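User: I would like to go through the strands and helices of this model with you. Could you put it up first?

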Amino acid sequence: MTVPFPMTILSLPQATVILSRKTRMERLQEYQAENEKIKSAQYVLIVGGGPTGVELAGEISFDFPEKHVTLVHSGSRLLEFIGPKASAKTLQWLTSKRVEVKLEQRVDLNSITDSNGSKIYHTTAGESIKADCHFICTGKPLGSEWLKGTILKNNLDGQGRLMVDEYLRVKGRKNIFAIGDITDVPEIKQGYLAQKHALVAAENLKLLMAGGKDRKMSTYKPGSSTAIVSLGRRDAVAQFPYTTLIGIFPGMIKSRDLFVGKTRKQRGLQPR
Ligand SMILES: Cc1cc2nc3c(=O)[nH]c(=O)nc-3n(C[C@H](O)[C@H](O)[C@H](O)COP(=O)(O)OP(=O)(O)OC[C@H]3O[C@@H](n4cnc5c(N)ncnc54)[C@H](O)[C@@H]3O)c2cc1C
């Protein structure tokens, strides 16, 4: 069936496979299984030192300080999406929690060997790492591949992002807007910025649908380079426009509940 669209907003970035959408119960069971995996392991390997890998390493080292966590990252510093100061502070924090961080090498997942019940992982730098389980935190490609088969195929940049103008309208299109990580807006891809996009795009859609003129549309200015990465349940590292902080203060903003309470409140739901 073809759905005609007078006006559209697209927001479908990370490659979550729609066909494999799971129920809440299935998701909870999945998380439970992952939790059991960590509980029963003595040695845990995390592959990837972006926000997912760093947050996971922080959480495991906080909740299970007795476990040996190794984090392998192919880049020369952790959290490459923010500044080097934040990377250095994060490395120091993880090391102080006995997380072993190995930079500039990759784990070869095709050459895992066995040793006395544990697995041995090999890296491109020739190192061997003992681990009972591993977590891949290397990020997902953008989920925009399918757009190549649509009228928007020429609106994607080299990274698969939708090119938008200052009104968040897909360039060259009158009635298609895009928001969130999928856009090529030059800023760090963050959820709170996606929410700001939504407000601008919704306002512009309402205006156009009411017959308003293009020139009356609201414009979006790219956000600042603010980002917070949690480190366990108490601490976090935060990059603000003029400073980088680590510890309890940024942790108070994010790490207690990872913005779940705030987001539920915004949606008119009970905090829990
Ligand atoms: C570890 C980590 C920590 C982060 N911490 C923060 C933070 O503290 N603060 C912050 O602001 N941001 C944070 N972010 C970034 C934030 O998660 C993203 O910027 C935000 O989720 C982007 O929202 P979105 O709606 O653009 O995309 P998504 O949240 O990825 O949502 C896109 C949705 O589209 C769906 N979809 C995909 N393809 C299709 C299709 N073909 N048809 C229909 N639906 C489709 C997907 O299933 C998904 O539900 C963090 C990210 C990571 C990885």
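User: Which β-α-β unit do S2, H2 and S3 make, right-handed or left-handed?
Analyst: This is a predicted model. In it, strand S2, helix H2 (residues 51-63) and strand S3 form a right-handed β-α-β unit. The chain then crosses from S3 through H3 to S4, and this β-α-β crossover is right-handed.

User: How many bridges join S2 to S3?
Analyst: There are 5 bridges between S2 (residues 43-47) and S3, and the two strands run parallel. Within this pairing, Ile46 has Leu71 of S3 as its bridge partner.

User: And what pairs with S3 over 4 bridges?
Analyst: Strand S4 (residues 100-103) does, in the parallel sense. There, His73 is opposite Leu103 of S4.

User: Why is S3 largely enclosed by the rest of the structure?
Analyst: Strand S3 (residues 68-73) has 6 residues and 5 of them are buried, so the rest of the structure largely encloses it.

User: Changing topic: in what order do S10, S11 and S12 form their sheet?
Analyst: The order is S10-S11-S12, in an open sheet with antiparallel pairing. Strands S10 (227-231) and S12 (244-247) each have a single partner strand, so one side of each lacks a neighbour in the sheet. From one strand to the next, the twist averages 10°.

User: What is the bridge partner of Ala238 in S12?
Analyst: Leu245 is the partner of Ala238. Strand S11 (residues 235-239) and S12 pair over 4 bridges in the antiparallel sense.

User: Which helix lies across S10, S11 and S12?
Analyst: Helix H3 (residues 84-96) lies across these strands, at about 165° to S11.

How values were computed:
Residues are numbered from 1 along each chain as its sequence is written. This is a predicted model: local features need pLDDT of at least 70, side-chain atom pairs count only at pLDDT 80 or more; totals for chains, interfaces and linings use all residues. Two strands pair if DSSP finds at least two bridges between them. Axes are lines fitted to C-alpha atoms, for helices over the stretch in contact, and angles run from 0 to 180 degrees between N-to-C directions. Two residues are in contact if their C-beta atoms, placed from the backbone, lie within 7 Å. A residue is buried if 20 or more other C-beta atoms lie within 10 Å of its own, exposed if 12 or fewer, and partly exposed in between; C-beta atoms are placed from the backbone. A crossover is right-handed if, with the strands pointing away from the viewer, the path from the first strand over the helix to the second runs clockwise.
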